[in-house]
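Please read this briefing alongside the sequence and the 3D structure shown here. The points below are grouped by topic.

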Amino acid sequence: MDKRITELSDPEVVEDLGRRLAAARKSRGLTQAEAAERAGLDRMTVSRAERGDNPTLLTVVRLLRVYGRLDALDSFLPVAEVSPLELIRARRGRDG
C-alpha cells in the first residue's frame, strides 16, 4: 500500500489489517482451514477477516496468537504508564 496508514479511511484500514493477517498466516505456512482450527474459528471467519470484512477484536486476537504475533498488541496499544507526578498528586490527595 502506497499511503501511510493515517491517510487511509477506516474501511481501508480494516482492509489493510486483513491483508496483514493473510500475510502473517502465509508466512507461517498455514491454510485458512488450519489457522481457523488452531484459533477455534470457522474457516469463513478467517476468510472474512482477511478480506477486511469487519473482524471482531476476539477474532484478531485469536489469529495473532496462532501466528505468534500477539506481542504486536504491545506496540499497537502500549500499557499506559503512570507518571511520577501523578503518583505524588494521588498520594497527596489521599493524605490530604
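Aspartate 53 forms a salt bridge (a side-chain nitrogen of Lys or Arg within 4 Å of a carboxyl oxygen of Asp or Glu) with arginine 51, and the closest N and O atoms of the pair are 3.8 Å apart. This is a predicted model, in which local features need pLDDT of at least 70 and side-chain atom pairs count only at pLDDT 80 or more, while totals for chains, interfaces and linings use all residues. Residues are numbered from 1 along each chain as its sequence is written, and side-chain values use heavy atoms, leaving out hydrogens and water.

**Salt bridges**

- Aspartate 53 is partly exposed at 42% relative accessibility, where buried means under 20% relative accessible area, exposed over 50% and partly exposed in between, for a 1.4 Å probe and protein chains only; arginine 51 is partly exposed at 48%.
- By this rule the count comes to four salt bridges.
- Glutamate 50 pairs with arginine 25 in a salt bridge whose closest N and O atoms are 2.6 Å apart.
- Glutamate 50 lies in helix 3 and arginine 25 in helix 1, so this pair ties together parts that are 25 residues apart in sequence; helices are DSSP runs of H or I with at least four residues, numbered from the N terminus.
- Glutamate 50 is buried at 11% relative accessibility, and arginine 25 is buried at 7%.

Methods: Helix = DSSP H or I, 4+ residues; strand = E, 2+ residues; numbered from the N terminus.
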